[in-house]
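This report looks at a few sites in one protein model and at how they relate to its surface. The sequence and structure come next.

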Amino acid sequence: MSNIFDPVNVKQELIAELPAKVARKRSKQIVVNDDKPRENSPEIMANVRTIPGIITMRGCAYAGCKGVVLGPTRDILQIVHGPIGCCFYAWLTRRNQTRPYTLDSPNYMPYAMSTDMQEENIIFGGEKKLKKAIEEAIELFHPKAIGIFATCPVGLIGDDIHSVAREMEAKYPDINIFGFSCEGYKGVSQSAGHHIANNKVFTDVVGVLDKEKEGKFLVNILGEYNIGGDAFEIERIFAKCGETLHATFSGNSSYEEFASSHIVDLNVVMCHRSINYLAEMMNKKYGIPWFKINFIGAEATSKSMRKIAQYFEDPALIEKTEAVIAEEMVEVEKVRKDVESRCKGKTAVMFVGGSRAHHYQELFREIGMKTVAAGYEFAHRDDYEGRKVIPDIKVDADSRNIEELKVVADPEAYRPRKTPEELKALTDAGLQFGAYEGMMPDMEPDALVIDDLNHHDMEVLIEQLKPDIFCAGVKEKYIVQKYGIPLKQLHSYDYSGPYAGYKGAINFYREIDRMVNTNVWKLIKAPWHESPQLTATYGCD
Ligand code: SF4
């Protein structure tokens, strides 16, 4: 399927209106995928500061730490230390779901807890207020663990959340209390917050509890946040195949599952950007290998389940996995073919996250739709071009803000799950450990890849590409829809889901069918398309 537009021209249009210096920088963040041979994706500039004045899609480091990685955790009581405005990200904006074991099991997710700092605390310090908030929370909820999240003002005035955490832990030794120095300014996007979250969860949570889980083939999924119930569907497939999901970081899991997650046989990574650090560190410290999987897309789900079965080298598991795939694919194929008959040839653009813009291309491909442009909000070059480029990524001052933990094998807990010979045999058979090939090799050569999309880019893409659907977040949703183009939110799923696994694929096919084939979008005209709301002239006499 070839494009009706020339991607090189579109790139020119995207930068045409920008001042020369800004255009030079942005042109490095916009690439046509076929600039180089496929196996050697073109280089893209990513994970750099957004130019001031540009309306970016990004969020802050605190949003990445608190909102993304820790947010879906139901029984780590989370206190946002800062002004109440930051607490917006503490209130389930991503529609993460959870299912406590019993009605009495702790679940703090419906709460948003903040120290609500006022001017007086900014001037005289907020540590006393934080201690009081912790004591109040302990008295009310009796949690096993408490996470404290620093926001920008806290970092600027120098409150030491870690000394408060130590002091309170000494006072309440049965409670694991830890702080995240995830002030919003700590990085260029949410990505810095993901790394900070990984580091703290690794040092203060993983490995503090030796608790076996019953069942065979123990696996952790890293980077699955149970938006719209995705993790529930993945759990269903694992259980049906006979595998045991120990902890999902961090959707629908408990503190104790995280704390004992070092006992598993295998880690699989769903969202590469937000959690690859934890996978690497757990491999070094505990000897748990990891590989990349993807449960977005029916084919991708089957491929991922086959990889996991292959890793365990158990003939009964391999046979069972194939039987489950065959059974699940009957209904998937029926719906897919029906939807494909109406969606084939339509186009999508996708700008979201640090892995989702890659994963969701699978689902569109399955119903015959082509992703003509895609990019990430907070990815690094390896998410685009693959982990092979990591040694070439220049570490700038912003990245140096985030501590790189020095991890060594634990003298007691390190237990290689496979011998080097076994790992080599599996690698020779096609399993790639610790690897990710990135989004670009999976995209068409004439696709546009754009990092850190902004609202100007969005309007140019709509005019030039005329996509049948735009996938992004709530900040883009209503502007795009005023152009008469449906927007699917891939952060929160627009009150829908799940989209993972087989049942999720069916949900997604049907929803995209409804969105791209309804006539309602043709009737939408923004008021300013009919007559300008405001007119002005530039210049002065
Ligand atoms: S003040 Fe800082 S931490 Fe709070 S939302 Fe804004 S950027 Fe994020």
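V154 counts as buried because its relative accessibility is 0%, under the 20% limit for that class. The model is predicted. V154 sits in helix 6, which covers residues 152-157. Leaving aside residues up to four places away in sequence, the contacts of V154 are H81, G82, M117, D159 and I161. Between V154 and D457 there are 34 Å from C-alpha to C-alpha, and in sequence the two are 303 residues apart.

Helix 6 also has a part in a surface feature. A nonpolar patch on the surface is formed by I122, I123, F124, L156, I157 and Y185. Together these residues have about 650 Å² of accessible area. Helix 6 and helix 4 (119-124) each supply at least two residues of this patch. Helix 4 gives the most, with three residues. F124 belongs to helix 4 and is exposed, since its relative accessible area is 70%, where over 50% is required.

E13 lies in helix 1, residues 7-16. With a relative accessible area of 39%, E13 is partly exposed, so it falls between the 20% and 50% limits.

| Residue | Relative accessible area | Class |
|---|---|---|
| V154 | 0% | buried |
| E13 | 39% | partly exposed |
| F124 | 70% | exposed |

Note on methods: Residues numbered from 1 in each chain as written. Predicted model: local features only at pLDDT ≥ 70, side-chain atom pairs only at ≥ 80, totals over all residues. Heavy atoms only, no water. Helix = DSSP H or I, 4+ residues; strand = E, 2+ residues; numbered from the N terminus. Buried < 20%, exposed > 50% of the residue type's maximum accessible area, 1.4 Å probe, protein only. Contact = heavy atoms within 4.5 Å. Patch = residues over 30% accessible without salt bridge, like charges linked within 9 Å, V, L, I, M, F, W, Y side chains within 5 Å. Areas by Shrake-Rupley, 256 points an atom, 1.4 Å probe, with all protein chains shown as cover. Salt bridge = Lys/Arg side-chain N within 4 Å of Asp/Glu carboxyl O.
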